[in-house]
Structure formats: C-alpha cells, structure tokens
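Hi there,

Here is the structure I promised to pass on to you.

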Amino acid sequence: MESSSGIALVDLRVEGEVQAEDHIQFTHGAEFSLPQADGGQDAWLFLASCFIIEALVWGFPFSFGVFQEYYSTHEPFSSKPSGIAAIGTTATGIMYMIAVPLAPAYNKWPWLANASKWAGLPIMAASLIAASFANEVKYLILTQGALYAIGGSIVYCPALIFVDEWFIRRKGLAYGIMWAGTGVAGLVVPFIMNTLLSQYGFRTTLRIWAVAIVVISSPLIYFLRPRLPISSVSNSPRRGLGFLQTSTFWILIAGLTIESSGYFIPGIYLPSFARSLGMSPAIGTMLVSLVNGAGVLSTVGMGMLVDRVHVTTVILISSVGAAISVFLCWGLSNALPLLCIFSIFYGFFAGGFVSTNAGFLKVVKQRDESTDVGTLLGLMSAFRGVGAVASGPLSEALLRSQRWHGKPEVGYNSSFGGLIVFTGVTAAVGAVGFLGKRLGWV
C-alpha cells in the first residue's frame, strides 16, 4: 500500500493546482475568476445534474431484466427469443465503449464536449420510439440497444470528463455520488417499467419513457458544463498516452474487464430465475430493484474510501464480497428469503466496484502525471464495455448448456447453474489488482 506521506505530497500538489487555477490572467490584463472547485453552488448544481442525468441514461438499461422477462414471455418476441439478452448488454456495452472514439475527439476539438451534449437527448428519444415499432429481436438490438446507447453516451461522456474539473480533492466522493444515480434509478425504474408493461405493453411503455427522458433532462443539460474555459487550441489525440506502457494500467484494466463480464448477469436473469422457482414477475422486479438499490450506498461509500486508501484495497473488498454472495446465496437459493439476501449483498459489493474507477485514475496519474484523463476514462469505459457486450452471448450459451441440469433443489442444480458459477468466478478474479499490488506491479 502506498505510504501516507506519498499521498500527502500528492494532496499538497493538488491543493496548489486548485489555488493556482482559481484565477486566470489573460493577456489583455483582465482577470477571470473560476467557479469554486470541490464545493460551492456551481459545483453542487453540476453534480446534482450529473446524478439525475446518470439516473435517466443508465437506469433504463440497468433495469433491462424486467424487459428480458417481458420479451421472453410475450409476442411478437417470445416465439423467437434468441438474442433478447443482447439488447441490454448491447446498450450498456456500447455506452461504455463509445468513449474510446469520443475522448480523442474531445481532445482534438475541446469545444465539442460542451456542444455535442445537446444532441444526445433527441437520439435517445428517437431510439425508444423506433424500438416501439419493432417486431423482431434484431430491431430491438439496433434501436433499444445500439441507438439508445449512442444517444446516452453523447449526453453522459461530457459530464464524466467535466467531473475531473469540478472536483479535485473530493474526486472519489463526486464520482461516487454521480454513479449512485444509476442505483437510485435502478431501485425505482424496474417497478415503473413493470407497471407500464403490464398495463400498456412494450410499445406504449417505450414511448412514455422517451417523453419522460426529454422532459426531465432538458433543463439539466445546461448545468453539465466545464469549470475551466474551453481552449481554442486543438490537442493531439496521442498526448498523455504514456500510461499505456505501465503495468499498473494493464493489471487494473484486466481485473475491470473480467469483473464486467459477469457483473450484469444477475440484473438480467434474476427475474427469469425467480419465475423458474414459481415466483411472480413482481418478485423478479423487486429483486432487480434490490440489486440496484443496494449499490447506491456502496458507490458513495466506496467512492469516499478510495479517497483514503489504495484503490486495490477497495477492489478486494468489492470483489470478495460479491463472489461470496454469489457462491453462498445465489448458488444455494431455492426460496425468496435467500434470494433477497443475495440481491442486497451482491448489489452492495458488486455495485461499489464502479467507484474504484476514481482510484484507478488517481493511481495511474501518480505513475504518469502527463496522463490525459479523458483518454484514460475512455479506455476504462471501453474495456468495461467489452465485458458487458461479451456477457450477452456468453450468458445465453451458459443457459443453453445441459451440464448443470439436475433436480432443481438449489440454484446450482438449475439451468442457471453455469451462470451462477461464471458470475462468482469473474467477481473473484476481478480482485487481480490487489494481487498485482502485493507483487509490486501496481
């Protein structure tokens, strides 16, 4: 673990940078005062807007388990259900991966991030309306999956980058609060979607959500703005890529990718697993909400923790806690009480993993101070997206496997046995960063 004196030196340097940035002297002699970092009305308005936008953009795909259950049991999709899981994983995967082309573009044209955010909402709304006319799964993958993700990314990515300007000393806390928006939405949105789907069907539900996104988000887009003046000078997309030559980056990114390949599976398949035990769709919705809701506390709590201890320690806590909950609770579950316990514990420990991204940034920048934050965030998101996209076909293949079938007394013996083991193993291997730290590679 890094020495406290080393962390203190970093904090002193950051504090000096904050004070130096507070006033910018222009060549003509006029002085421009920057908004306060790490606090103040502007910073908190920005963070509140990030929280709500995060909830609306990510809460929908993170509640896909409800749609998975509906599409699998209702026409016109239930007769040919292959690929349904890919709708949700395509949406989350692309939203993570699209940061790779966006980050260099924002580097080359600094004005683009602040300008492009206005285009995201119309694209998201159009994608959901288009999806409401779909009659085949492949069109849902294209619209509710891919197109929605493109629109959501255009709104979300600028906010993700601007957090680094608004919060410096309290970066972990800020990212934790922002990412908690997904958990809050994931607690509420599944119940909303389940009610709408049962009363109006998927077509009207998608159209209602499209309108809701535009109405709620439009007034908030203005506050998703940078703290620092936008540079008129283009930057080279290759600037700040020295971190790619460090073992720290590659070990942490390997753990992130592996963890992501199993992370989304419970949120997608818990409603179907509950139905296999004879439970109602409302129970499945409740389980998804428990997973998402438990993550609210952990994203904020672990975000605060990465500001105080080395990121690999937080990764270990998250990974081990998630793996234990999968192997002991989901794998042995055959009734509602144990499923609820699993949902809460898995949601808490696995849900907090995203907050380690702030610590990831901190450690990599300590190794190479020239690191470009936007590019690093883009690559981190992309590798998480690789895991998310891969989990779609992998989970369907595991579900079709007969190897785990037996008398379904517990989860391991059901058709979901392969999914359960895969989820637990990937959660455990996600802690590889802690091993790397012990070996001196991180």
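The lining of the second largest cavity has 10 nonpolar, 4 polar and no charged residues. In this sorting, Ala, Val, Leu, Ile, Met, Phe, Trp, Tyr, Cys and Pro are nonpolar, Asp, Glu, Lys and Arg are charged, and the others, Gly among them, are polar. That cavity holds about 160 Å³ of space. Its lining is made of 14 residues, and Phe62, Phe264, Gly267, Ile268 and Asn292 lie nearest the centre. Two or more lining residues come from each of H4, helix H10 (265–276) and H11.

Before you go on, please note that this is a predicted model, where local features need pLDDT of at least 70, side-chain atom pairs count only at pLDDT 80 or more, and totals for chains, interfaces and linings use all residues. Residues are numbered from 1 along each chain as its sequence is written, and side-chain values use heavy atoms, with hydrogens and water left out.

Helices (H or I, at least four residues) and strands (E, at least two) are DSSP runs, numbered from the N terminus. On a 1 Å grid over the protein atoms alone, a cavity is a set of points where a 1.4 Å probe fits but cannot get out, while a pocket is an open set with protein on both sides within 12 Å along at least five of seven lines; lining residues have an atom within 4 Å of a point. Grid points are joined across faces, edges and corners, and a volume is the space filled by probe spheres set on the points.

By this rule there are 5 cavities of 30 Å³ or more. The largest cavity has about 360 Å³ of space, and 28 residues line it, with Glu54, Phe62, Tyr96, Trp179 and Val354 nearest its centre. Among the helices that each supply at least two of its lining residues are H2 (41–59), H4 and H15. H11 gives the most, with 5 residues. By class, the lining of the largest cavity has 17 nonpolar, 9 polar and 2 charged residues.

Of its 16 lining residues, Gln68, Ser72, Pro81, Tyr269 and Leu399 lie nearest the centre. Helix H3 (64–73), H4, H10 and H15 give two or more residues each, and H10 has the largest share, 4 residues. This lining divides into 6 nonpolar, 7 polar and 3 charged residues.

How do H4 and H15 pack? Helix H4 (residues 84–97) and helix H15 (residues 373–400) have axes 7 Å apart, at an angle of about 170 degrees. Axes are lines fitted to C-alpha atoms, for helices over the stretch in contact, and angles run from 0 to 180 degrees between N-to-C directions. The two helices are therefore roughly antiparallel (the word used for angles over 145 degrees). Their contact (heavy atoms within 4.5 Å) includes Thr89 and Tyr96 in H4 and Ser381 and Val389 in H15.

There are 4 salt bridges, each a side-chain nitrogen of Lys or Arg within 4 Å of a carboxyl oxygen of Asp or Glu. One of them joins Asp42 and Arg225 (3.7 Å, N to O). Asp42 is in helix H2 and Arg225 in the loop between H8 and H9, so this pair ties together parts 183 residues apart in sequence.

Finally, look at Pro76, in the loop between H3 and H4. The peptide bond from Glu75 to Pro76 is cis, with omega near 15 degrees. Most peptide bonds are trans.

Happy exploring!

Key:
Angles under 35 degrees count as roughly parallel, over 145 as roughly antiparallel, 65 to 115 as roughly perpendicular and the rest as oblique.
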